[in-house]
Amino acid sequence: MTGSSGGSRRPLVIYLIAVVGPTLIVLTFGLVASRRQDEAAAALRLTTARLQEERIADDVVSGLKASAAEVLADPSFRNLASLLSSPDPAAVDAGRALVPEIRSRYPVVRDVFVIADNRVRYPRVTPPLPHPLEDWLGEEPDGRGIRLSALFARAQAAESAGRFDSSVRDYQRAAALAKSRKVQALALAAVARAKARSGDSSGAIDVLEVIATGYTDTYTLNERPQAVVAVMEIARLGGAHRKSDIVAAVVSALLEGRWSVTPEQCAHFMETLARDVRAERCAIGTPAFVQVLATAFRLPVSLEAHEVGTMVLGPAPNPQQVFYAAGPFPGTVAGITANLDWVRLHVLPTAAARIAPEREVRVGPASSERTPFQGVIPFWGVSVTAGRAQAERRYLPVLAYALGAGMVVTVLMLGVVLLARDVARETRLNRLRADLVGGVSHDLKTPLSVIRVYAETVEKTDGMPAPDRRWFASGIVQETERLRRVIDDVIDFSRIQQGERSYRLSPGSLVAPVRAATDRFKAYADLHNFAVETVIPAGLPAVRRDPAAVEQAVLNLLDNALKYSGESKRATLRLYADGQMVAVVVEDEGIGISNAEQVRVFDRFQRGTDPAQGGYGLGLYLVRHIMQAHGGTVDVQSAPGVGSAFRLRFPVMAVDHENAETIVDRG
Ligand code: ADP
């Protein structure tokens, strides 16, 4: 037995060696290969990203250079540059007014600058020296200069002496006498100052208002816009609230670039006048930049006519990229600082969308992780990383592989389980077959030895009385009968296995075949002192049955009742109608069957746990087969030590088919 079960385990071993092992090896190789591939892909992605970064940087750089060159070559820019480099303040004013226009036409422009004779002309870094008053008075026509000079001197003396009234009068006279507006404004500003010093703030403010509204084109001797100085004075005297519309008008004019002021002045004015307006918004750019421009800008030795120069000005965190070209006059240079916000928010995204779509492109301060820009904006670097969608897509193949591998392993394991189950079943069947042979031999040998003993007894006993001789003869007949039943069972089983067992069903009563079985069994039972009580009521409905098969089934049940009767030597056979069924019950008071075994007793080769009982596990299997052929059932009710009741149930026949005969094949 061990040998046979070891043999049937061989398919499982073969399956493990031939299928499971290689598949797992292949899967492992696949995993390794896919990891290698992943690494290679990652390296490739990195290289691609680097290349893309370089291309984007190139693109941005050349775009920026081209835009800057375009501005510098534009005639309107050159016109602007010549205005801004003019010594005439009015011309500078006109140029300044054009700066916002250039800026809106060319978003690359942040600031404009002009350098002449190695000095920053625009934006101005240092205020010029104050003009001497005498220069301005000397320009007055008709010799007024001398009279004005005397008036100013007298007024100043009075003012210093604290005689403000007379000082105010003299300044007023000067204002009336002066021809040029800038001298008028000077005199009026002095009037206001003297009034304020005399304590007449409200009078002073009225005069300042006149300056702020009527003398917006004039500057002080220090080249500060008179209007701005006036509103600052109004604010100082506490009149800003009362004259808020005038203050607001001047502030907005200042922000629009109405006046030529230095960055420091601008910052100072803004600080004083509108603390909520940031000085950077002054049209001329940040003071810091101008400072840098003045100290760090170095003209190249020579600059060709249409050459565009570029350099980085200023330290971190706010370096500036500067582009410049030869200005409109010999020795002048005009240039712009690049609007880096525009580069970051416009030029870069355009290049990124074209070169590395679906990827995340960022610029930041130059570092080892970013590819630096070459030539211009070297303080920036660009980095390209996988966008989110792309990163997700990268994990898809891994996921698919994992799923596939998981499925393959599951199928393999399923194979192992199924095969193991099959092997177990095969092993059990092999054992059962071996048992069958043993059981059948036992069931053949027992009657044979009885027959032999009886026959020898008759042979050797001379003058045996007739009743004895009959008893032995009948015993021989009964044992032969039993032999036949065993052989019938085995033959039937063999037919069933071949699919050749057929039943001949005909309508009729169950009584005749049941009686035939009990009659055939009686002599054998008598021989074993076994009593079978039979209860058969009259008027049972007809069923469709194969009489020989029914007889065989009942005989098998009676045989078992006797075989497993234990001490009790009796059984009952009852027939009764049960609704749409007719039942045959064989009930004994024998050893009984445990619940666990009850579910299995009808399986082939299935035998009780006690091998001493003999048998070969086919009787009940055949009974069930017969009952299935009849469209009926067999069941058992049993308790160990109490007894068993096997019940056959045949369906009652429909009336109109009573005469039909059917042949049922039960393979
Ligand atoms: P066999 O009797 O040849 O072993 P059967 O198919 O007739 O085979 O019965 C299967 C098993 O069912 C028996 O081995 C026995 O353990 C149990 N069995 C059948 N009939 C009875 C019964 N009347 N009382 C107790 N056990 C029974």
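How many bridges pair strand 6 with strand 8, and in which sense do the two strands run? In this predicted model, strand 6 and strand 8 (residues 380–386) are joined by seven bridges in the antiparallel sense. Strands of a sheet pair through backbone hydrogen bonds, and the pairing can be parallel or antiparallel.

The pair belongs to an open sheet of three strands, arranged in the order 6-8-7 with antiparallel pairing. Strand 6 (359–365) and strand 7 (371–372) are the edge strands; each has a single partner strand, so one side of each is left without a neighbour in the sheet. Helix 2 (residues 10–73) lies across strand 6, strand 7 and strand 8, and runs at about 140° to strand 8.

Glu 358 sits in the loop between helix 14 (340–355) and strand 6. Its phi is near 70°, a positive value in a residue other than glycine. Is Glu 358 buried or exposed? Residues count as exposed over 50% relative accessible area, and Glu 358, at 55% relative accessibility, is therefore exposed. Asn 529 also has a positive phi, near 55°, and is not a glycine. Asn 529 is placed in the loop between helix 17 and strand 10 (531–535), and is exposed, with a relative accessible area of 63%.

Another antiparallel pairing links strand 3 (residues 309–313) to strand 4 (residues 320–326) through five bridges. Here Val 312 stands opposite Gln 321 of strand 4. Strand 3 has two faces: Gly 309, Met 311 and Leu 313 are on the covered one, while Thr 310 and Val 312 are on the uncovered one.

Turning to the helices, helix 9 (residues 201–214) has 14 residues and reaches 20 Å from its first C-alpha to its last, close to the expected 20 Å. Its buried residues include Ile 205, Leu 208 and Ile 211. The buried residues of helix 9 pack against helix 8 (181–198), helix 10 (226–236) and helix 11 (244–255).

Two packed helices are described by the angle and the distance between their axes. For helix 17 (residues 511–527) and helix 18 (residues 547–563), the axes come within 8 Å and cross at roughly 35°, in a right-handed crossing. Among the contacting residues are Val 514, Phe 521 and Tyr 524 of helix 17 and Val 554, Leu 558 and Leu 562 of helix 18. The residues of this contact divide into 13 nonpolar, one polar and three charged.

Methods:
Residues are numbered from 1 along each chain as its sequence is written. This is a predicted model: local features need pLDDT of at least 70, side-chain atom pairs count only at pLDDT 80 or more; totals for chains, interfaces and linings use all residues. Side-chain values use heavy atoms; hydrogens and water are left out. Axes are lines fitted to C-alpha atoms, for helices over the stretch in contact, and angles run from 0 to 180 degrees between N-to-C directions. Helices (H or I, at least four residues) and strands (E, at least two) are DSSP runs, numbered from the N terminus. A crossing is left-handed if the near helix is turned anticlockwise from the far one by less than a right angle, and right-handed if clockwise. Contact means heavy atoms within 4.5 Å. Ala, Val, Leu, Ile, Met, Phe, Trp, Tyr, Cys and Pro count as nonpolar, Asp, Glu, Lys and Arg as charged, and the others, Gly among them, as polar. The expected span of a helix is 1.5 Å times one less than its number of residues. Buried means under 20% relative accessible area, exposed over 50%, partly exposed in between (1.4 Å probe, protein chains only). Two strands pair if DSSP finds at least two bridges between them.
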